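Biologist: I'd like to learn how to read helix packing and charge pairs in a model. Could you walk me through one?

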Amino acid sequence: AKLFELEKENKVVLQEIRKTEKEIYHLENESENQRQFCADLEAQLWNLNTSNLQLQYAIQQEEEKYLKLLSEYDKYRKKILAHKEVTNQVESRNPIMMQLEEKMLMLKELKIKKEELMADLMNPEGNITKQVQV
């Protein structure tokens, strides 16, 4: 009877050992999977960092290009404004332009005088109306 009990206990212990071995195997397998997952994540992280550095470098180059173009445009704009100013000065010294300015001033004065005369004609007490009646 003791031998039977010992064999029975031996079977139970062997089953527990097998069960524990299976658990250890599964835990080792899971641990290896986790290590592999971490290694994959680390590789992705390195790839992302590399891409990030490349993008930062590309952005820096584009900003430098933009600033250079902006500087060149500013020089061009200043050159055009200076040229326009010189052209305006030359044109204003031209006798034809001077005559044109005089005629434009005369035209403004005549328009003002016309408006005054029209207003005076509409007014029965105006100077022009009195002069015509006399």
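This is a predicted model: local features need pLDDT of at least 70, side-chain atom pairs count only at pLDDT 80 or more; totals for chains, interfaces and linings use all residues.

Biologist: At what angle do the axes of H1 and H2 cross?

Modeller: Angles of 65 to 115 degrees count as roughly perpendicular. Here the axes of H1 (residues 2-93) and H2 (residues 95-122) cross at roughly 75 degrees and come within 5 Å, so H1 is roughly perpendicular to H2.

Biologist: Which residues of H1 and H2 meet?

Modeller: From H1, look at Glu-91, Ser-92 and Arg-93; they meet Pro-95, Met-97 and Met-98 of H2. That contact has three nonpolar residues, one polar and two charged.

Biologist: On to charges. How many salt bridges does the structure hold?

Modeller: The general idea is that side chains of opposite charge can pair when their charged atoms come close. This structure holds four salt bridges. Take Glu-32 and Arg-35, whose closest N and O atoms are 3.4 Å apart. These two sit three residues apart in helix H1, so about one helical turn separates them. Glu-32 is partly exposed at 41% relative accessibility, while Arg-35, at 51%, counts as exposed.

Biologist: And which residues are linked in a network of salt bridges?

Modeller: Asp-74, Arg-77 and Lys-78. Asp-74 pairs with Arg-77 at 3.1 Å between the closest N and O atoms, and with Lys-78 at 3.5 Å. Lys-78 lies four residues from Asp-74 in H1, which means about one helical turn.

Notes
Residues are numbered from 1 along each chain as its sequence is written. Side-chain values use heavy atoms; hydrogens and water are left out. Axes are lines fitted to C-alpha atoms, for helices over the stretch in contact, and angles run from 0 to 180 degrees between N-to-C directions. Angles under 35 degrees count as roughly parallel, over 145 as roughly antiparallel, 65 to 115 as roughly perpendicular and the rest as oblique. Contact means heavy atoms within 4.5 Å. Ala, Val, Leu, Ile, Met, Phe, Trp, Tyr, Cys and Pro count as nonpolar, Asp, Glu, Lys and Arg as charged, and the others, Gly among them, as polar. A salt bridge is a side-chain nitrogen of Lys or Arg within 4 Å of a carboxyl oxygen of Asp or Glu. Buried means under 20% relative accessible area, exposed over 50%, partly exposed in between (1.4 Å probe, protein chains only).
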